[in-house]
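Please look over the structure below with its charged side chains in mind. The text after it takes up a few pairs one by one.

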Amino acid sequence: MTTLHEPVVTATPAELSVWPASTTEPRPGALTVGGVPLAEVADRFGTPVYVLDENEVRERCRTYRHAFPDAEVLYAAKAFLCRAMVHWTGEEGLGLDVCSAGELELAVTTGFPPERIVLHGNAKSPHDLETALRLGVGRIVIDSPSEIARLAAAVGPDGHQKVMVRVVPGISAGGHEKIRTGTDDQKFGLSIADGYAQHAIARILDQPQLELTGLHCHLGSQITSVKPYLAAVRRLVGLMARLHEQHGLILPELDLGGGHGIAYRPGEQALDLTALARRVRTELSDACAAAGLPVPRLVIEPGRAIVGPAGIAVYRVLAVKRTGEHTFVAVDGGMSDNPRPALYGVRYAPRLIGRASAAPTAPVTVVGRHCEAGDVLAADVELPSDLRPGDLLAVPVAGAYHLSMASGYNLVGRPPVTAVRDGHARLLVRRESLEDIRRRDVGL
């Protein structure tokens, strides 16, 4: 119990800088998002639980539309997708970037116009391509030479399909080596340097049922500098100039992908979207003028930057264990609902919610419930030293690549997704139950 001599710590504006803009703390410890106390969400829906601030998602969509008024903005569905997310992004004027028949089917059956959807992926299955053609997807991004003949055959001699080509500009950018995709030593795209991109484009031009609309590239993820995008513009416009010289080809679209970096903890750098839009627009205009080409329509594919900061993961503390000089705080989730710390070494800033604490902070490591030493959600973070079982911890910036990468490890069901807005919380995706898991196991 606190006394008048024990100051209760509340969140500072700097500490809340990575939380949704609607986040408030009307009373110490009573963190509220979208007008809904997070502790109430935990009590109503159980833990772990993902919480999405609908207005934050919508506002981030609008920010992109305002920053790139003349560009086509596609939400990268791989970051997170559900029917509500399809609905929100569509209402805010964004298209969709999908990479599987599953993402495509979910979007179209929700009512999203298929002509505003782009399908990409380095290894599209026959089912992926068949579904895309059946549903009338807007464009398909060709990622390898073998896809050209497969797609042309699937379209048929009397059919028609718009395509783009994913090229590799030879630029290293991204927050971790596993999410850098603009270099020549990874699985995506066709290299400009070795001529594979040019050769593939020539083959596409020989297929009358395939209409090449532009070039596509994606440099990686968690990029916080504008410079790699400017370099990509120069190299892609250079390729466009060569294609014009060789084939008389003028491409109307240029897709720079996404990968726009966000801050996961207070003080971390994020990509300056205003600077990106301004400098890319200038670079593209100047490069095309120098090459004597008309300026193509720009396409961008933000995913994490739209949904990541709008999400929070809420956990309940199961155990507090002191081992030597270390204190481990174990919660009821872990790498099955957030594998990113184990995969990429991502660091988060969890916060105690649901009660006030006057205790001094101490360094602890927040760990998950799974049978892996690497099941760590947040290492060496400052939390109140009186943490105890039953407490709630909230992890901000949990909207992207959490549920979409969640697994069934240890047969722990995936958490539900809730949305908060204007003081109300509602369920978007229900919790995966043991019955769901049992029903899939059909044999002995």
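Predicted model: local features only at pLDDT ≥ 70, side-chain atom pairs only at ≥ 80, totals over all residues.

The structure holds 22 salt bridges, and one of them pairs Arg62 with Glu92, whose closest N and O atoms are 2.9 Å apart. Because Arg62 lies in helix H2 (residues 54-67) while Glu92 belongs to the loop between helix H3 (83-91) and strand S5 (95-98), this pair ties together parts that are 30 residues apart in sequence. Arg62 counts as partly exposed, at 33% relative accessibility, whereas Glu92, at 14%, counts as buried.

Arg355 is found in the loop between strand S15 (351-353) and strand S16 (361-367), and Asp386 in the loop between strand S17 (376-384) and strand S18 (392-396), so the bridge ties together parts that are 31 residues apart in sequence. Arg355 is buried, with a relative accessibility of 15%, while Asp386 is partly exposed, at 26%.

Arg355 also meets Asp391 in a salt bridge, at 2.8 Å from N to O. Since Asp391 lies in the loop between S17 and S18 and Arg355 in the loop between S15 and S16, this pair ties together parts that are 36 residues apart in sequence. Asp391 counts as buried, because its relative accessibility is 6% and the cut-off for buried is under 20%.

Salt bridges that share partners also build a network, which joins Glu54, Arg58, Glu59, Arg62, Glu91, Glu92, Arg421, Asp422 and Arg426.

Definitions and conventions:
Residues numbered from 1 in each chain as written. Heavy atoms only, no water. Salt bridge = Lys/Arg side-chain N within 4 Å of Asp/Glu carboxyl O. Helix = DSSP H or I, 4+ residues; strand = E, 2+ residues; numbered from the N terminus. Buried < 20%, exposed > 50% of the residue type's maximum accessible area, 1.4 Å probe, protein only.
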